[in-house]
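Reader: I have never read a protein model before. Could you walk me through one, feature by feature?

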Amino acid sequence: MIYDVLIIGAGCTGVMTARLLSEYNCSVAVADMASDVAAGATAANSAIVHAGYDAKSGTLKAKLNVRGNRLMKELAAQLGVELKNVGSHVIGFGDSDLVHLKELYKRGVDNGVERLEIISGDKLREMEPNVSAEATASLWAPTAAITCPYGITIAAAENAATNGVHFYLNFKVTDASSAGDVHYVTDGVNTIAAKYVVNCAGVHSVEVAKILGENDFPISITPRRGEYMILDKSCGDIAHSTLFVCPSSRGKGILVSPTVDGNIIVGPNAYPISDGDDKSTTAPGLNEISEGARRIMPSINLRNVITSFAGVRPTPDIYDFYIKHSEQLKNVIHAVGVESPGFAASPATGEYLVSLLEEAGLKLEKKDNYIPTRRADGNHKQWNRLTDEEKAEACKLNSAYGKIICRCETVTEGDILDALTSPIPAVTVDMMKKRLRAGMGRCQGGFCSPRVADIIAQHTGKSLDEVTKNGGGSWLVVPREGGIK
Amino acid sequence: MTNHKKLIIIGGGPAGLSAAVSAYESGVSADDILVLERDSEAGGILNQCIHAGFGLHRFGEELSGPEYAGRYIKMAEERGIHVTTNAMALSVSKDKAVTFVSPETGYTAVTADAVILAMGCRERTRGALNIPGTRPSGVYTAGCAQRYINIEGFMPGKKVVILGSGDIGLIMARRMTLEGAEVKCVCEIMPYSGGLRRNIVQCLDDFGIPLKLSHTVTEVHGKERVTGVTIAAVDEANGRRPIPGTEEYIECDTLLLSVGLIPENELTRGAGIQLDRMTNGASVNQFRETEAEGIYSCGNVLHVHDLVDFVSEEAAIAGENAAKKILGKTEECVKKLEVKTGNGVRYTVPERLDLTAHPENLRIFFRVTDIIKKVQLIVETESGEVLVKKAKSAVAPGEMESLEISAEKLCALLDSGDSYVKVYINEMGGDNK
């Protein structure tokens, strides 16, 4: 078939675009090299819905961030994804920082961020008692929020899939051609044909632009890696809002923030790297973010770290996002250099990309039968998020909800079976983890990962040695000779 | 299902089963005991420990883990004690209300006269150590790998580096080797192994597997699956930080972690019971009763044991005393004594003594802080009277020690002005370490 639109990249930008397109009568495909949606920068960032005071006024980034902040909250409510309006502080230490905070305040007001306020160090510590005694002021942004970036992106992808969007995972674009008005994009095995192509390939977006046929693409990208640590839920109340320090030239600086799941996140630093897929952490990097966190909160106990990770952001050589029609290729649109606040902006970036598609000639006509939820039967709630009465009721209807598989995060067998039958079936251990938090708790999957892998194997008719952590060569157990089933 | 039971035991592993049997023997009828086991079978982690070495103290013979568990499962069955399997306790409150869920019973709330916490422990993870590098598949805790091999029947890898020389790590070095894997080395950050001496001999030495003391893993390599690890020597004098220049790359597809066990006390904490910072378990008296009246704790959830035999023994104390509480047979506490740690002692269990007018012999368990040769183990009163003294040729943090205080000595303490007893070791000299 020939799709109307092919989106390359199933990160937040690509998925939000696909979701909006799924409201219309047009056929949409989304292709991603990873084994899951939301696998790149969307899976590994600060998990903040930034208020929008950071980007310079008048930029596309600023506009999309502020609008995206509002839309993200609506989307979370619509898809039943948890989002908390915790607000954020940018913390200043001394007079020179205060000058900077005032600049940010003005920028925020110009960008249309509501209810910004500069408060004293004492007021800050009243709100956040654990903040350093040396902090002298803060820019308080009550509209900043926290959510799970990959959680809401997966929810949006399921919503899109429920409305007919096709997802091609493990599809790494290697070549492309066009004939007439149709683009043909291939991974060397399969080919997707589409009239319009949107490049949302994140850290690989310039590579993809070149594969699509761009010569002398005007933008270049430097992958920039940021490292993070997650602290156990037992210290989840040390911060109630997102705590930034005054920004430096290398990103927004190290933050301490609660996560929507009740943990604490610490990070990131920001270093350019050559390989955009290199998500390794380093000993000096983890030390650096530890020190950064202690600057904000001297009493933070980093013995409570339960895991660390790194994310790679696509930093362009220009200040702004580059979201434009191709100058050379017909019906190709690029979203390149969408680094922070790319996630916060993504629902608005999606809107913007849809408007560019319309500009290019895509006919947009609303569907009659659009389903506004993740699945045709609504937004499925995980068992541990139900009320006691609902929990009891769910167990009565289906005893699989009474069987706990992941002990640390109270994930039931019923939840795992639901994820296996969702519009984008979770068929790897990491897919389960991202959807249900199975394996994300204190024991980090020590107890449940063999059991989760077992259920995946049984349900998909595979042998355990065919189940992977996250696709490709990420095998869990040594394949048995002859592939015993 | 009635929503009140005389006794709820959370955990159907060696601790829970022994506590149940002991409570029954002390007069609680089987119908009044609810044992909640989250796995599909009773026995706990013993079910995947198919190696021998269990039961030497308790049964005077060498059993495998499933055999040891089987003995207790049989004892429970013979007494008509039913273990509710696939049942996960979700909350416990100080007033002994428990919620749990299972496929058979659904979501259920039960109250009890007494609760015994016997949830066991979990393994420390890579994240807790914060080992830098990539996050490929192939990094397993030793217990997780053990499950893959012994329960699922699959090998978790072919070329293996093991970090941590705790007993599970040592056992897994042997197990992986026997199943055809190449175990390249076992790294231990400390200058000594935390495992039992017999395991070092039988699991490493017998197979020629190198034990690299004062070494750690500094980086994990590989994008999809582990392709290797970097190890380095650590500087004992500098917070055990890796020594630059000593890094060595070892090609492997699997990193197993045996870097410690953590008592699984989320329910305990949820009940508002304070934990002892040294044991990561509740603080208890000699009856294994926590600060919350009628809530007991025993086994690896109280403190990590090195032998299951001692888990059973400890759980029997909890079971017996929970039964006394339920049956109204407890005596009033007339004197409270704190058990303090002195030189060379990391922690003790119990942490306090609640003496009645008729005290019985009691045993204080403890761990030492370091490997020390030629020592005296001593329990002394606040006023300096030695209650027990025992000479040993060597002590090690990996092996639990204990001292028994006689009823007679305890009686004498009742009228003293002492507020604590102290456990410590006297180093008698000689070439240490």
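Author: Gladly! Let's begin with a definition: two strands count as paired if DSSP finds at least two bridges between them. Keep in mind that this is a predicted model. Now take chain A, where an open sheet of 3 strands has the order S3-S8-S4, with antiparallel pairing.

Reader: Which strands of chain A stand at the edges of that sheet?

Author: Strand S3 (48–49) and strand S4 (83–84) of chain A do. Each has a single partner strand, so one side of each is left without a neighbour in the sheet. You can follow one pairing in detail: S3(A) and strand S8 (residues 145–147) of chain A are joined in the antiparallel sense over 2 bridges. There, A:Ile48 is opposite A:Ile146 of S8(A).

Reader: What holds strands together in general, and where can I see both directions of pairing?

Author: Strands of a sheet pair through backbone hydrogen bonds, either parallel or antiparallel. For the case here, look at strand S12 (residues 191–199) of chain A, which is mostly covered, with 7 of its 9 residues buried. Strand S1 (residues 2–8) of chain A runs parallel to S12(A), and 6 bridges join them; A:Ile2 has A:Ala193 as its bridge partner in S12(A). Strand S20 (residues 332–336) of chain A also pairs with S12(A) in the parallel sense, over 3 bridges, and A:Val198 has A:Ile333 of S20(A) as its bridge partner.

Reader: And which strand is antiparallel to S12(A)?

Author: That is strand S11 (residues 182–186) of chain A, joined to S12(A) by 4 bridges. One of the pairs is A:Thr186 with A:Thr191 in S12(A). S11(A) and S12(A) form a hairpin with 4 residues between them, and A:Gly188 in the turn has a positive phi of about 95°.

Reader: Now let me step back. How can I judge the overall form of chain A?

Author: Compare its radius of gyration with what a globule would give. For 485 residues, a compact globule would have a radius of gyration near 23 Å, and chain A, with 22 Å, agrees. Its C-alpha trace spans about 60 × 55 × 45 Å along the principal axes. Chain A has 12 helices and 22 strands, and 57% of its 485 residues are buried. Among its contacts between residues at least 6 apart in sequence, 72% join residues at least 24 apart.

Reader: Is H4(B) mostly covered or mostly open?

Author: Mostly covered: 8 of its 11 residues are buried, including B:Cys144, B:Arg147 and B:Tyr148. Among the elements covering these buried residues are helix H12 (449–460) of chain A and helix H5 (167–178) of chain B. After H4(B) comes B:Gly153, with a positive phi near 80°.

Reader: Last topic: what is in the nonpolar cores?

Author: Think of a core as buried nonpolar residues linked by being within 7 Å of one another, taken at their C-beta atoms. The largest has 140 residues, and B:Leu7, B:Ile116 and B:Leu255 are among those with the most contacts inside it. Helix H8 (residues 308–326) of chain B gives the largest share of this core, 9 residues. A second, separate core of 131 residues includes A:Phe167 and A:Val332.

Key:
Residues numbered from 1 in each chain as written. Chains lettered and ligands numbered in written order. Predicted model: local features only at pLDDT ≥ 70, side-chain atom pairs only at ≥ 80, totals over all residues. Buried ≥ 20, exposed ≤ 12 C-beta atoms within 10 Å, placed from the backbone. Contact = placed C-beta atoms within 7 Å. Rg over C-alpha atoms; globule rule 2.2 N^0.38 Å.
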